[in-house]
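Here's a quick briefing to go with the model you have open. Take a look at the fold first, then work through the notes by topic.

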Amino acid sequence: MTMTAPETAHGGILRPPSWRLALPAQTKLINANQTIHYRRKAELVKVIRNAAWTMARHSNIPALQRAHIYFVIHPDTSIKRRDPGNWAPSAKAAVDGLVDAGVLPDDDATRLIGPDPRIGHPVKGSQLVLWITDLNQIHPDHLALLNPPALPGDPR
């Protein structure tokens, strides 16, 4: 787990604090393209959720009111075609683990932007890494880039 310090950039706007939370390498992840029995899927969700909870509890991430999360999937070296969005079920389970750990009060749209997918370099056995940014300390101009204005009638 690493934290980035607030930095001055882009015309003096402070970069908000963010944290890197890496699940253990070779944690079995869920891919949206898999066809697996619902009980097996529930077992995998529980493992990912517990791993994220454990990593969050042992990190120095404070309780946040709002956050932006993107996830980086480091696919197994044997996977040739890589679509990071396919691992969204794994990221969802990990974010639920952050809620369980008290990092976020909830993962609904009023509290969370994301999780947005990214692809990382391949590693043996694959790995999921979450990058968490505190939205309460973000400049409104930067927030507008992450979360475009709502359309009329949108409850945001």
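Predicted model: local features only at pLDDT ≥ 70, side-chain atom pairs only at ≥ 80, totals over all residues.

pLDDT is the predictor's confidence in each residue, on a scale from 0 to 100. Helices (H or I, at least four residues) and strands (E, at least two) are DSSP runs, numbered from the N terminus.

Residues are numbered from 1 along each chain as its sequence is written, and side-chain values use heavy atoms, with hydrogens and water left out.

**Confidence overall**

- The average pLDDT for the chain is 87, and 87% of the residues score at least 70.

**Helix H1**

- H1 covers residues 38-57, which makes 20 residues. From first C-alpha to last it reaches 28 Å, close to the 28 Å expected at 1.5 Å a residue (the expected span being 1.5 Å times one less than the number of residues).
- Which residues of H1 are buried? They are Leu44, Ile48, Ala51, Ala52 and Ala56.
- For burial, the cut-offs are under 20% relative accessible area for buried, over 50% for exposed, and partly exposed in between, with a 1.4 Å probe and protein chains only.
- On the face of H1 turned away from its buried side you'll find the exposed residues Arg39 and Lys46.
- The cover over the buried residues of H1 includes strand S4 (18-22) and H2, with contact meaning heavy atoms within 4.5 Å.

**Salt bridges**

- A salt bridge here is a side-chain nitrogen of Lys or Arg within 4 Å of a carboxyl oxygen of Asp or Glu. By that rule, the count is 5 salt bridges.
- Glu43 pairs with Arg40, with the closest N and O atoms 3.4 Å apart. Both lie in helix H1, 3 residues apart, about one turn of the helix. As a reminder, an α-helix has 3.6 residues a turn, so residues three or four places apart point the same way. Glu43 is partly exposed at 46% relative accessibility, and Arg40 is partly exposed at 38%.
- Arg49 and Asp100 meet in a salt bridge at 2.6 Å, N to O. This pair links distant parts of the chain, with Arg49 in helix H1 and Asp100 in helix H2, 51 residues apart. Arg49 counts as partly exposed at 30% relative accessibility, and Asp100 as partly exposed at 41%.
- Asp107 and Lys92 also meet in a salt bridge, at 2.6 Å, N to O. Asp107 lies in the loop between H2 and strand S6 (112-119) and Lys92 in helix H2, so the pair ties together parts that are 15 residues apart in sequence. Asp107 has a relative accessible area of 21%, which makes it partly exposed, and Lys92 is partly exposed at 41%.
- Salt bridges that share partners join Arg49, Lys92, Asp96, Asp100 and Asp107 into one network.

- The peptide bond from Gly114 to Pro115 is cis, with omega near 5 degrees. Pro115 is in strand S6.
- Gln26 has a positive phi of about 75 degrees although it is not a glycine. Gln26 sits in the loop between S4 and H1 and is exposed, with a relative accessible area of 52%.
- Ser126 is another non-glycine residue with a positive phi, at about 70 degrees. Its place is in the loop between S6 and strand S7 (127-134). Is Ser126 buried or exposed? Ser126 is buried, with a relative accessible area of 10%.

**Strand S4 and its pairing**

- S4 is mostly covered, with 4 of its 5 residues buried.
- S4 and S7 run antiparallel and are joined by 5 bridges (two strands pair if DSSP finds at least two bridges between them).
- Trp19 has Ile132 as its bridge partner in S7.
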